[in-house]
Amino acid sequence: MKIAALAGGVGGAKLAQGLAEILNPADLSIIVNTGDDFEHFGLYISPDVDTVCYTLAGIANPDTGWGIAADTFQTFTALTRFGAPNWFKLGDIDLATHLERTRLLDQGESLTNITHHMCRKLGVTHSVLPMTDERVSTWVDTEEFGILPFQEYFVKYRFEPKCKSFLFKGIDEAEPGEQVLETLIGSDAVVICPSNPFVSIDPILALKGVRETIKRKFVLCVSPIIGGNAIKGPLAKMFLEFGYQPSPQAVIDHYQGLVDCILIDPDDNGEISSEARSSIMIHETEILIPDIAGRVRLAKEILDLIRIQL
Ligand code: FO1
């Protein structure tokens, strides 16, 4: 059974890891958001790709979910001594990823090939596919500061500004990554990982041909909202800023008919409308997956649900 998983940052990477533990590399590909990518200190930084790769490699910082476990920050500290920007923390080991990726990009390598190469060097055998090899960047139009690049909204301003809308610059011109559409077409099911629908999954769905391709598949989603709150990050706040109560129902509505099955926390079942119940499968389970055992357990449940459908 071939699965294509869509993932953004920390939350999505955790489920991707659970799926990677139980599926062979030939049966699981992870398509990752690159809208968070940005240039910093002249380096091309791809946070969600790195978070997925590091998590699958078992080297991600377990507390933050991003960066590398036990990394040091001597270079970062030395930079701040010069008064350099200090809002985006770059670890010494993490810096090697950004330096080497930037060097290979400057040599004309694609982000897809660079990611494949780095994953293999990190011992990751599953396919981690950047959603596109072209530049697509997420910007957030905010009440307080106007349009901000995603990382400034998310990290520099700690996602405190009030969101008005999102912009995926370059999305109309960009082609999906060279293997993205063929992976989706060749999959038996698509798993939307518990990432932020607005800024981690929507950029992937907005790429030419992606939503139409996915619509023809069995699509299973793990709710990124539990009990009205996001597990991590700004999602609940974003839903409220757009006038929605944060709930799995808001997630179902956001994906506009794309989802055939959603996994939710049992406490959230009352939030689901009767209309939604009549059109999609609601599966109650523990969706908080703080450790590898939980990630594997949830991944196994997902495969069982998909097998019932196929
Ligand atoms: N997120 C933060 O909140 N603060 C940081 O200093 C930070 C540094 C950082 C460095 C490398 C990297 O790959 C990710 C990093 N992130 C940081 C997370 C990043 O903002 C991601 O875009 C989020 O995880 C959302 O996907």
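Visitor: Which elements each supply at least two residues of the lining of the largest pocket?

Guide: Rolling a probe the size of a water molecule over the atoms shows where empty space is left. On a 1 Å grid over the protein atoms alone, a pocket is an open set of points where a 1.4 Å probe fits, with protein on both sides within 12 Å along at least five of seven lines; lining residues have an atom within 4 Å of a point. Here the elements are α1 (10-22), α2, α4 (92-106), α6 and α8 (197-205). Helices are DSSP runs (H or I, at least four residues), numbered from the N terminus. α2 gives the most to this lining, with 5 residues.

This is a predicted model: local features need pLDDT of at least 70, side-chain atom pairs count only at pLDDT 80 or more, and totals for chains, interfaces and linings use all residues. Numbering runs from 1 along each chain as its sequence is written, and side-chain values use heavy atoms, with hydrogens and water left out.

Visitor: What volume does the largest pocket have?

Guide: A volume is the space filled by probe spheres set on grid points joined across faces, edges and corners. For the largest pocket it is about 870 Å³. The lining counts 41 residues, and G9, V10, W66, F154 and K232 are the closest to the centre. By class, 23 are nonpolar, 11 polar and 7 charged. Asp, Glu, Lys and Arg count as charged; Ala, Val, Leu, Ile, Met, Phe, Trp, Tyr, Cys and Pro as nonpolar; the others, Gly among them, as polar.

Visitor: Where does the ligand sit?

Guide: In the largest pocket; the test is that more than half of its atoms lie within 2 Å of the grid points.

Visitor: What lines the second largest pocket?

Guide: Its lining has 19 residues; T55, A60, N61, P62 and R295 are closest to the centre. The volume is about 250 Å³. α1, α2 and α13 (292-309) supply at least two residues each, and α1 gives the most, with 4. The classes are 7 nonpolar, 7 polar and 5 charged.
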